[in-house]
Amino acid sequence: MKNFCFLLIVISFLVSCNNSKKYEGKWEYNHRLSSDKNEDSPHSLLIKNDSIKFIFWNGFDSKKHPLKIKNGKFNFKGLSIPIELINDTLKLNGINSFVRYSYDDSIPNQLWGKLVTKVNLPKIKTVSFSTEKCQDKDHPKYHVLFGKRFDNNEFSLQLNDKYAEMQDLGRFFFECRIARSEEIIPFPESVLYIEETTPMKYIEDIFYNLSIINQLKLSFVNNIHLKFNDSLGLYYEYEKLSKKLPAFRSDVFYSTNTTDNPMQPPPPPPYFPMFDNENLESKFILLKNDIIYFNDKIISTLQLKSIIKPWIENNNAIFSLYDLESTYGNFLEMTAIINSIYQEVRENQSKLTFNKTLKELNREEYNEIKLQNPMYHIWSYSVPHYNSVIEQENSFFGLKVNKKM
């Protein structure tokens, strides 16, 4: 009897192994066979006998998740997803379809090309970022990666599957628009995936080159999460901070640090002051060597929140300047915190004025709240750039400021 029970256990183990074996290997997302038609479905997946790994459309690898295959389901991350294998097609929950790779390439040159830079996203937890479930096809987005090269670990821009110089951004956006037959207006959004340790001298250069081509809508990606629901299937949720660069301004006495052959800037646009009120009181926050300062004293991110709130309520002009040695992750955290306080103040104002949340407001009501608490926040200027402007003009875009940092 004991031998018979042992034999049953062995047979069950072998059957289980064989059952898992048929799912192992590399699988590529098949848009034609999938019912979700969603660009934010996983690009591909790698299955081993005890793990599953998803790969993003933009080339980022997710971490491996421990996997159990039982009763026709993938069990991982607390999820239990029905699976169906028909010949060489694997369906997850009847929505996401994957086919076996016919070549040995983990990221085929289909949409994004190969990932040639390493990007560790910031993953900041001290502030809540807005989230986006899937790409909005009515509002085109261009994806820009900046990280460390795989071949020499040097910082580099990546456009499609090639290393690029900063001044290549203009040509990249122009070619993308031509390929998509897009109108010049509305301008698409630049989605930035940036290595958290990138020195700000490179980020300043990205701002400069995007401003030259009037590519002003930006979204900074903080983190990406693998998600699942019954209607969408598997998809990625992006944590983002959306901002808008000021219109390009030609500062003849200042140049960025990393562009070898800067693009010839276009004629300057008609002059529009950045501030409606030239007599606004100015407040300054500085990021120096990755430390936040207020009045020459070090402050924490928690202190920053309490300091910023009354400034926003009083409609002060807020300058959050950065030095070129600080890193992108700390810059993003500082900017996101200030942005979140603006949203908090506007949320409170919305409840007082209309007894509604911001999401419940119509366009006219939302514009009224924005007029009550305008975003007088200068966030994209470095300390040396700010000092250059002040030295030449004793003002900043119409605001009477003569204090050098």
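**A tour by selection**

Begin with Lys-309, which is partly exposed, with a relative accessible area of 25%. The model you are viewing is a predicted one, and every value given on the way is computed from it.

Side chains of opposite charge can pair when their charged atoms come close, and a search of the whole structure finds seven salt bridges.

Next select Glu-189 and Lys-240, which form another salt bridge, their closest N and O atoms being 3.2 Å apart. Because Glu-189 lies in strand β15 (residues 189–194) and Lys-240 in strand β17 (residues 233–244), the pair ties together parts that are 51 residues apart in sequence. Are these two residues buried or exposed? Glu-189 counts as buried at 16% relative accessibility, and Lys-240 is buried as well, with a relative accessible area of 7%.

Now move to helix α7 (residues 383–393) and pick Ile-390 within it. Ile-390 is buried, with a relative accessible area of 2%, and if residues up to four places away in sequence are left aside, it touches Ser-395, Phe-396, Val-401, Asn-402, Lys-403 and Lys-404. Of these, Lys-403 is 13 residues from Ile-390 in sequence, while their C-alpha atoms are 7.3 Å apart in space.

Lys-404 counts as partly exposed, at 46% relative accessibility.

The last stops concern aromatic rings, for which the count comes to 22 aromatic pairs. Select Phe-319 and Tyr-386, whose ring centres are 5.6 Å apart and whose planes stand at 65°, so the pair is edge-to-face. Phe-319 lies in strand β21 (residues 317–322) and Tyr-386 in helix α7, so parts that are 67 residues apart in sequence are tied together here; both residues are buried.

Finally, select Arg-149, which lies over the face of Tyr-163 at 3.7 Å from the ring centre, and then Lys-288, whose charged end sits over the ring of Tyr-293, 4.8 Å from its centre.

Methods:
Residues are numbered from 1 along each chain as its sequence is written. This is a predicted model: local features need pLDDT of at least 70, side-chain atom pairs count only at pLDDT 80 or more; totals for chains, interfaces and linings use all residues. Side-chain values use heavy atoms; hydrogens and water are left out. Helices (H or I, at least four residues) and strands (E, at least two) are DSSP runs, numbered from the N terminus. Buried means under 20% relative accessible area, exposed over 50%, partly exposed in between (1.4 Å probe, protein chains only). Contact means heavy atoms within 4.5 Å. Rings of Phe, Tyr and Trp (its six-membered ring) pair if their centres lie within 6.5 Å; planes under 30 degrees apart count as stacked, over 60 as edge-to-face and the rest as tilted. A charge sits over a ring if NZ of Lys or CZ of Arg is within 6 Å of the ring centre and within 35 degrees of the ring normal. A salt bridge is a side-chain nitrogen of Lys or Arg within 4 Å of a carboxyl oxygen of Asp or Glu.
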